[in-house]
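Subject: Structure for your review

Dear colleague,

Please find below the structure that I am handing over to you. My notes on its charged residues follow.

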Amino acid sequence: MATASKKAKVVKTAPDPYQPNPWYAVRNSKVHGKGCFARQFIPKGTRISEYVGDRVTWAEADARYEGYDVNDNHTFLFIVDRKTVIDGGVGGNEARFINHSCDENCESTVEKSRVYIDAIKDIQKGEELGYDYQIGRDKNDPPNVDEIYACRCGSPKCRGTMLFPAKRPKPKKKKRAAGKTAAAKRGKKVAKKAAKKVAKKAAKKAAGKKAAKKAAKKVAKKAAKKVAKRAKKTARR
């Protein structure tokens, strides 16, 4: 089902939805099946058409297409609000043939529970009309849902699917700012240098203690020898 966004009211009125549309003609499309192509230059802001069809509840729409092939994306259901869906395939007009485009030149607008197609860009004669279907995702979607609703609009902005939002890649780890990284590197370097200095000082101190201990041992040994020598002399007397 396509959805429409509520936008500010467009001044121009839509042509009669059940009469041949003066703005576009239907013919085969490279994007998908049939498409709508501008008969003449369409200025930005033009209300091109109203999207009409059988107005049903969500439950009725689900029941109507219950046995529908899940691998077929060709439906004309258009969400109006939480209660109403327009089935353009029943009693609809040619607006149902406007294809999806990721680089849209039209947009769908809901006003007083009616859906309109408005030009958001100047559209040249012969150009195909297209708006973003923004078909919502559902937890019950089959694993190949992006293949089923694949987009072939050919635009450089194409996200590859009519579904919205597009399938998001796994979040990447945030990169640190260059300044912060440089500062961190400098801090690490300073800390390493300081640690080296402390270690050197401690080693020097330890070496000094060792030398002092050795010297003290030497002096004590010498003194002990002296005492022993004196004791020997005294014994002789």
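Predicted model: local features only at pLDDT ≥ 70, side-chain atom pairs only at ≥ 80, totals over all residues.

Residues are numbered from 1 along each chain as its sequence is written, and side-chain values use heavy atoms, with hydrogens and water left out.

The structure holds 9 salt bridges. In one of them, Arg114 pairs with Glu50, with 2.8 Å between the closest N and O atoms. Glu50 is buried at a relative accessible area of 6%, whereas Arg114 is partly exposed at 40% (buried means under 20% relative accessible area, exposed over 50%, partly exposed in between, with a 1.4 Å probe and protein chains only).

Asp103 takes part in a salt bridge with Lys121 (3.0 Å, N to O) and in another with Lys157, where the closest N and O atoms are 3.8 Å apart. Lys157 is exposed, at 60% relative accessibility, while Asp103 is partly exposed, at 29%.

Glu128 is buried yet has no salt bridge. The nearest side chain of opposite charge, Arg27, is 8.1 Å away (Lys and Arg count as positive and Asp and Glu as negative; His and the chain ends are not counted).

Yours sincerely

Notes. Salt bridge = Lys/Arg side-chain N within 4 Å of Asp/Glu carboxyl O.
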